[in-house]
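Notebook open, model loaded. I want to jot down a few spots in this chain that I looked up one by one.

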Amino acid sequence: MVSSVPRLVIAAPSSGSGKTTVATGLMAALSARGFAVSPHKVGPDYIDPGYHSLATGRVGRNLDAYLCGPELVAPLFAHGARGCDVAVVEGVMGLYDGAAGEGELASTAQVAKLLRAPVVLVVDASSQSRSVAALVHGFVSWDPEVRVGGVILNKVASDRHERLLREALESVGVPVLGVLRRAAQVETPSRHLGLVPVAERGSVAVEAVSAMAAQVASGCDLSALVALARSAGALPCAAWDAGEALVSSPPPPLPVPSLGAVPPDPLSALDGPRPQTPDGLDGAGRAVRVAVAGGSAFTFSYAEHAELLTAAGAEVVGFDPLRDEELPEGTAGLVIGGGFPEVYASELSANESLRKAVAELALSGAPVAAECAGLLYLCRELDGLPMCGVLDASARMSERLTLGYRDAVAVGDSALAAAGTRMRGHEFHRTVVEPGAGARPAWGMRAPERRVEGFVQRGVHASYLHTHWASEPGVARRFVERCRTS
């Protein structure tokens, strides 16, 4: 199968150059002109895709070569872009920045090459004139396999400033596809983990995206950008499909280790071969209901997780821990992803009825998968306020940012993963949980230091680690099977 969806990648020399403004504004501007736009984000970021969804009316999807492997980037892209007229991919950090110590892995440049997509470089020109030519020339020539098809100059001060920039760039041979002036109305507020999510801003976010669209429409050559997207080469790959991924995931291994003590060296599995995941649902039987937390406090999730759960036989039902006083009727399993419970700690704590319902479900042995924010919600307390009390641990805000990719192994059997299952993930938080691991940890991690982390008890698997289940579809199948049998 070949994907021929026109596509381009919005990149920059560094973070803070204006990628999100340009990418989101371009998505919204093209959508307003009748294009069906497929939005994508390089890397693990959950927040930018929310703005992309608001701009396009479609699910924002991530393309992360570290979490999912380079081989899944094109299939996941084709899955998200199916039926669309054009795709816009927002990069991460600087064009050539990727996973620390891993070369180009997970960089915007690598994803652009995997997608055979041209790149538009967004340059913050606020403090330079002729030097912009040297900057752009360096990025264009660094990797000949990366095709920089144009430049958008951001934060240009005046008409004279624009003339100086254009004159300088004539020698580089890269067309200027847009010039944007400084505009306060397109700025998005940030806090301790980056931009404030769309779900928390309501109509203000809608106004901001509209302003981005207007700025890009007036300052950029939309026709030239679409023409550049149409110059992307054919992408020979089959689109990722949740059902097919479950069928083609590894067959069941030999019996997994017992649920007893953690092995003497649980991290030794990081150095061994990648094990197979246990068999789960075979497609027969009734659907089981899996409740997935959402709302303003739990905004971090990858769309593929719900798609895999559904393909595995689950009925996925959302609920909002800030507003719903009970879990959805018939809940057999619970998924609580990432977000900002620390911002809403008082409201979450005040919803005592739901906290008790979550604790009772966990006590019953039902499968519960919690990542980062979900981990905090399951703790005894968060910043001194009572939470669900499922875990005998306390959580609090911290001055220290924990950030980075992780190579992890399941150190014991759980409702989510068999002992020895290797997954790559991402940590991103300014909180601390004490203790950091239970008697049965969830994961062992090799970098930045070898350590165990998280909690496995009864059906609960709780950890700081964000994972992308498309890389290991068997976890969704296993989770749904445990929902069926618990």
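Predicted model: local features only at pLDDT ≥ 70, side-chain atom pairs only at ≥ 80, totals over all residues.

I started with R116, which is partly exposed because its relative accessible area is 47% (buried means under 20% relative accessible area, exposed over 50%, partly exposed in between, with a 1.4 Å probe and protein chains only).

R116 sits in the loop between α4 (108-115) and β6 (119-124). For those labels, helices (H or I, at least four residues) and strands (E, at least two) are DSSP runs, numbered from the N terminus. I checked the backbone of R116 and found a positive phi of about 55°, although R116 is not a glycine. I wrote that down because most residues other than glycine have a negative phi, and most peptide bonds are trans.

C372 is another non-glycine residue with a positive phi, of about 55°. I found C372 in the loop between β15 and α14 (373-378). Is C372 buried or exposed? It counts as buried, because its relative accessibility is 5%.

Next I looked at a peptide bond. The one from E434 to P435 is cis, with omega near -5°. P435 itself lies in the loop between β19 (422-434) and β20 (443-445).

Then I went to β14 (residues 331-336). Why is β14 called largely enclosed by the rest of the structure? Because six of its six residues are buried.

I also asked which strands pair with β14, where pairing takes at least two bridges found by DSSP between two strands. Strand β12 (residues 288-293) runs parallel to β14, and four bridges join them. On that side, I noted V292 opposite V335 of β14. Strand β15 (residues 368-371) also runs parallel to β14, with three bridges joining the two. Here I336 has A370 in β15 as its bridge partner.

**A227**

My last entry is A227, placed in helix α9 (residues 222-230). A227 is partly exposed, since its relative accessible area is 44%. How far is the C-alpha atom of A227 from that of L8? The two C-alpha atoms are separated by 9.9 Å, while the residues are 219 apart along the chain.

Methods:
Residues numbered from 1 in each chain as written. Heavy atoms only, no water.
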